[in-house]
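Morning, everyone. I have one structure to go through, so let me put it on the screen.

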Amino acid sequence: MKLEPQIVVVLALLFVASGAARAGESAQEDKDLSLIPPPPPTPPVATPVTSGASQKIFLEDAGTESWLEDRLVPAPPPPDARWEERALFDVRKEWHVGDGLRLTYSGRVNLRTADGLGFPNHENLTNDLREAYLSWQPLDRLFFDVGRINVRSGVALGFNPTDFFKTRAVVEPLSVDPVVLREDRLGTLLLRAERVWSRGSLTAAYAPAVSSDSAIYTSFDLRSFDPMLDRTNAHDRWLLKGTIDMAEGLSPELLAYASQGRVAFGANLARNVGKSVVTYIEWSGGRRGTLSGDALAFGRATGSLPAAAASVLPGLGSVGFRNQVAVGASYTTALPKITFNFEFHYNQAGFSGADWDEWFRTGSGASAPSPIPGALWYVREYASDQQELISRRYAFLRMDWVDAFVPKLEVTGFIDADLTDGSTRLQLGADYYLSDRWTIGGLVLVDSGGRHSDFGSLPQAGSVLLKVVRYF
Amino acid sequence: MKYSQHSLAILPLALSLCLGGLAHAQTAQEIVAATDKVRNPGQPFRTTLRLTEYVGGQERDHDSLVVFSKEDPATGQFRNLVQYVEPARDAGKRVLLDGHSLWFYDPDSRVSVRISAQQRLIGQAAIGDILTVNLAADYAASVVGTETIEDATRQPRKCWHLELKASNDLATYNRVEYWVEQGSFYPIKGKFYSDSGRLLKIVYFRNFAQQLGAVRATEAIIIDAVDSSLATTATLGEYAYQEIPEAWFQRDYLPHLQVK
């Protein structure tokens, strides 16, 4: 049989093409194989699994420079520090002390100097006793804890309505990132019992009153080695919370909290949507005053505000059922790996637009030493101390980018926008992991907005922090 | 779920067919199920996992983890508990994966938050990459053909070339190309693609060794297909069977997990 010349050509082309395709696949295989890193010259030394599992110890040095501006409503003295230098030694460690017994310690010793603080004095050296408690597991899946414990709840990132033990717990933070604020805070002295089942859990906690309310602290009157139980245990407090698996991936958490004759309820719900999205909602509600009303009551109780302050504070209102909500979603991009959290925050007890108008109208033109701006600013200091939203509505966006631009560089940042007036707080931070032991980093904070706005009226317009960390 | 039940049911048959030299008679799904069995022990177990990150062939960083894995008979998928051991800045952090639920616990804040499977663990390894998973439960497989490819040590291996498509939203990747050695069912190589069809990662398996009653790959090399200078090796060790109570897979158990 003799093939037509055209058929021969076609077959030849097909053969060449298939050979080229095989050569291409083979070349691709070679390329893939060439990307395999060479084996290490010496086998890695196995790390005992318990060596680093129950402790985190680091030494950090951080310097902060802040920019202050004269504002429409002058803040009462003392002015914020323009600079601060802080060296801190931070320890979190657990010890097994017996059958079913575990001891946990978490604390930080700070050596600090700052503009206006002076040196040397007893406030240069402070100790934050975050946690110190004993855990006992008498039965499988039954746990008792007693001591100072950081009890935290909530699925949101920027604002946690159900985090009932957050009030007054944050001491001189180095960052205003909400993720950092919930780590660097004081625990509460309490007794806690927890039972975990295969489809849920139940937790009960009681925090006794062992101290009484104290005035809001400033940077210049911290107590050196006092555990500051007045911040966390000024009143009897109760918490009951439980989770239950209702369906695949659906396990809501319900909470009830009681303190000073008031009961609040809360709920947390989070759900994965696909492989890159998590949605969540967090709610709490209960009878309480407005933010101004609660601040006035606290100020009077601690002798910080005169009775006459009621005449200048906006939005006093009356006690009623009020809600707080955080609803949002996280999204992780495929390439590069960036996780975004976008949230809406609501505090029914916070300032409305009319309250802000009144706040600025009352305070404009007053001099700093007069009692009027002092009372007005007290509400804002109270909100910060309680970690509560001053305004009613905020939008919050946070970003976390691992290996940003170059490997081992983690960039985090958030923007918090007050939806009442459009003012914003922006913080951008970067940590570069030089090695397992060393990290260097920094962050920039900028508050911006109009003169009659939430963030635009803060005395501090911005700050820069540089740090170096050594882990042990 | 349907896939997993089917896969588990045919597994003994698949293995017996393999031993009988009748591998050609198997479906793609049966092959994936059989290679899942090679990768994953059939009883609850714990292992250590060392993740080493390379940049330009040079070791850059490493993490050490302890992993507890247990198969959920209802779904055919593994549930995993992970605790970070190294580096020091991450020590004590924990991750729980149970079906649609993925929780991250940070001992600094004492709180567990939900995370997504896309979130990065270390280097090129997403959480969904390194945890124990049964691919047959999350992917629908088809056979592309039979090929002889070189494994990570450049030894020729006669493989099924499989195409895996995500069959539910638990799958970390939309599409996977998978090469499984005929006869042994050893996983040799994988290519993982994004939803848009972009090649994200190339994975080679190597260092096959006897662990918990079977020969298993004890190392995976994860190569970043976008930036080919980046690679991560995942080395498994210290395998041990361990009873894992159901309550361990509750998020509220995470703070109480004790790694000894």
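First, the conventions. This is a predicted model, in which local features need pLDDT of at least 70 and side-chain atom pairs count only at pLDDT 80 or more, while totals for chains, interfaces and linings use all residues. Residues are numbered from 1 along each chain as its sequence is written, and chains are lettered from A and ligands numbered from 1 in the order in which they are written.

Chain B has four helices and 15 strands; these are DSSP runs numbered from the N terminus, with helices being H or I of at least four residues and strands being E of at least two. Of the 260 residues in chain B, 53% are buried. Buried means 20 or more other C-beta atoms within 10 Å of the residue's own, exposed means 12 or fewer, and partly exposed is in between, with C-beta atoms placed from the backbone.

Now the contact between the chains. Chain A gives 56 residues and chain B gives 59, where two residues are in contact if their C-beta atoms, placed from the backbone, lie within 7 Å. On the chain A side, the elements giving two or more residues include helix H1 (5–34) and strand E1 (55–68).

Next, the cores. A nonpolar core is a set of buried Ala, Val, Leu, Ile, Met, Phe, Trp, Tyr and Cys residues joined through C-beta atoms within 7 Å. The largest has 100 residues, and Ile31(B), Val32(B), Leu162(B) and Val180(B) touch the most other members. Its largest share, six residues, comes from helix H6 (residues 371–385) of chain A. Apart from this core lies another of 17 residues, including Phe164(A) and Leu189(A).

Leu162(B) touches, among others, Ala28(B), Ile31(B) and Val32(B), leaving aside residues up to four places away in sequence.

Last, Ser318(A), in the loop between helix H4 (291–301) and E12 of chain A. Ser318(A) counts as exposed because it has 7 C-beta neighbours inside 10 Å. Its C-alpha atom is 5.7 Å from that of Gly289(A), 29 residues apart along the chain.
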